[in-house]
Amino acid sequence: MALGVGKGRLEEHVELLQYLVYIFNTVFFCGGATVFALGLWIRFDEDMIDYVKGLGMYHYWNGTTVIMVGAATVMINAFAACCGAFFRSAKMILLYKVMTVVTFILLLGGSAYILDNGLEQSKIYPWLQDAIREKIYQYQWDVSAKRTVDIIQEYVGCCGGYGSGDYEEIHLPIPDTCRDQVTGNQYGDSCAEVFSWYLEVRSGWISGLSICLCFLQVFAMIFAFCLWRAIKELDDEK
C-alpha cells in the first residue's frame with residue numbers, strides 16, 4: 001500500500017514537471033523564433049546590407065549569425081524537450097539538457113560580441129570613425145566610396161567620420177548630403193556617433209532578448225533535471 005502511495009505521488013510529481021517543461025519550452029520556441037526573425041531583419045535589411053558592404057563592416061554580422069544559430073537551436077531543442085516530456089524519455093531529456101548548455105553558450109557569446117561591437121561605447125565607435133574618414137579620403141576618385149558616404153550621411157543624418165572637419169582636412173567642400181534636405185542646415189553630429197545609435201537599437205533588442213532566453217534557460221535546466229531524475233526513479237520501480 002505504501003509503495004502504491006509513493007508511486008502515485010511520484011506520478012503526480014512527473015506530471016507537474018511535464019507541464020512545466022511544456023510551458024517553458026513553448027515560451028522558448030516563441031522567444032527563439034522572435035530572436036531568429038530579428039536576426040534575419042538585421043542580416044537582410046537592404047539598408048543594413050548597403051551600410052555593411054559599403055564600410056566593410058562584416059564583423060558586425062558575426063555576432064548576429066551566432067545568435068541566429070543559437071535561436072534556431074533553441075526552437076529545435078524546445079520541440080525535443082516537449083517530445084521527451086510527453087514520451088517520458090530520460091535519454092531525450094538528457095539530450096535536451098546538453099543542448100540547452102550549448103544554446104546558452106551560443107546566445108550569451110553572441111550577445112557579448114554584439115554588445116562589444118554594436119554600441120556607441122564599444123569598439124565599433126572608433127572603428128566607424130576611421131572607416132568613414134578613409135572613405136572620405138577616397139571621395140573624389142572612388143565612386144563606391146562616395147556612394148557609401150553619401151548614403152550614410154543622407155539617410156542617417158550626419159557628417160563625416162569624426163565630423164565635417166574630415167572634409168576640411170583634405171580641402172574638399174562639404175557635400176550637400178551633410179545638410180538637412182528640408183532646412184538646409186549642416187548636421188552637427190559625426191556619422192560614427194549617429195550610426196552607432198542606429199546600430200545600438202538593433203544590438204540592444206537582439207542581445208537583450210537573447211540574454212532573457214539565457215536567464216530563463218537556467219530554470220528550465222532545473223525542471224529538466226528534476227524530470228529526468230523522476231523518470232529514472234519511475235523506470236527503476238518498474
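Of the 238 residues of this protein, 45% count as buried. Buried means under 20% relative accessible area, exposed means over 50%, and partly exposed lies in between (1.4 Å probe, protein chains only). This is a predicted model: local features need pLDDT of at least 70, side-chain atom pairs count only at pLDDT 80 or more, and totals for chains, interfaces and linings use all residues. Residues are numbered from 1 along each chain as its sequence is written, and side-chain values use heavy atoms, with hydrogens and water left out.

**Overall build**

- The protein has eight helices and zero strands. Helices (H or I, at least four residues) and strands (E, at least two) are DSSP runs, numbered from the N terminus.
- The radius of gyration is 26 Å, well over the 18 Å that the globule rule gives for 238 residues, so the protein is more spread out than a compact globule. This radius is taken over C-alpha atoms, and the globule rule is 2.2 Å times the number of residues to the power 0.38.
- Along its principal axes, the C-alpha trace spans about 95 × 30 × 25 Å.
- Take the contacts between residues at least 6 apart in sequence: 78% of them join residues at least 24 apart. Contact means heavy atoms within 4.5 Å.

**Surface and charge**

- The accessible surface comes to about 12400 Å². Carbon and sulfur atoms own 64% of that surface. Accessible areas come from the Shrake-Rupley method with a 1.4 Å probe; for residues, only the protein chains shown count as cover.
- There are 17 positive and 26 negative side chains. Lys and Arg count as positive and Asp and Glu as negative, while His and the chain ends are not counted.
- The centres of the two charge sets lie 13 Å apart. Each charge is placed at NZ of Lys, CZ of Arg, CG of Asp or CD of Glu.

**Aromatic pairs**

- The structure holds 11 aromatic pairs. Rings of Phe, Tyr and Trp (its six-membered ring) pair if their centres lie within 6.5 Å; planes under 30 degrees apart count as stacked, over 60 as edge-to-face and the rest as tilted.
- Tyr 51 and Tyr 198 have ring centres 5.5 Å apart and planes at 85 degrees, so the pair is edge-to-face. Tyr 51 lies in helix α2 (residues 46-55) and Tyr 198 in helix α8, so the pair ties together parts that are 147 residues apart in sequence. Both tyrosines are buried.
- Tyr 198 also pairs with Phe 195, and that pair is stacked: 5.3 Å centre to centre, with 15 degrees between the planes. Both residues lie in helix α8, three residues apart, about one turn of the helix.
- Phe 195 has a relative accessible area of 0%, and Tyr 198 has 17%.
- Phe 24, Phe 28 and Phe 223 form one aromatic cluster.

**A buried serine**

- Ser 203 is found in helix α8. Its relative accessible area is 0%, so Ser 203 is buried.
- Leaving out residues up to four places away in sequence, Ser 203 touches Tyr 60, Ile 114, Gly 118, Leu 119 and Gly 208.

**Positive phi in two loops**

- Most residues other than glycine have a negative phi.
- Arg 88 is not a glycine, yet has a positive phi of about 55 degrees. Arg 88 sits in the loop between α3 (59-87) and α4 (90-117). At 27% relative accessibility, Arg 88 is partly exposed.
- His 171 is not a glycine either, and has a positive phi of about 60 degrees. His 171 sits in the loop between α7 (165-169) and α8 (191-237). His 171 is exposed, with a relative accessible area of 73%.
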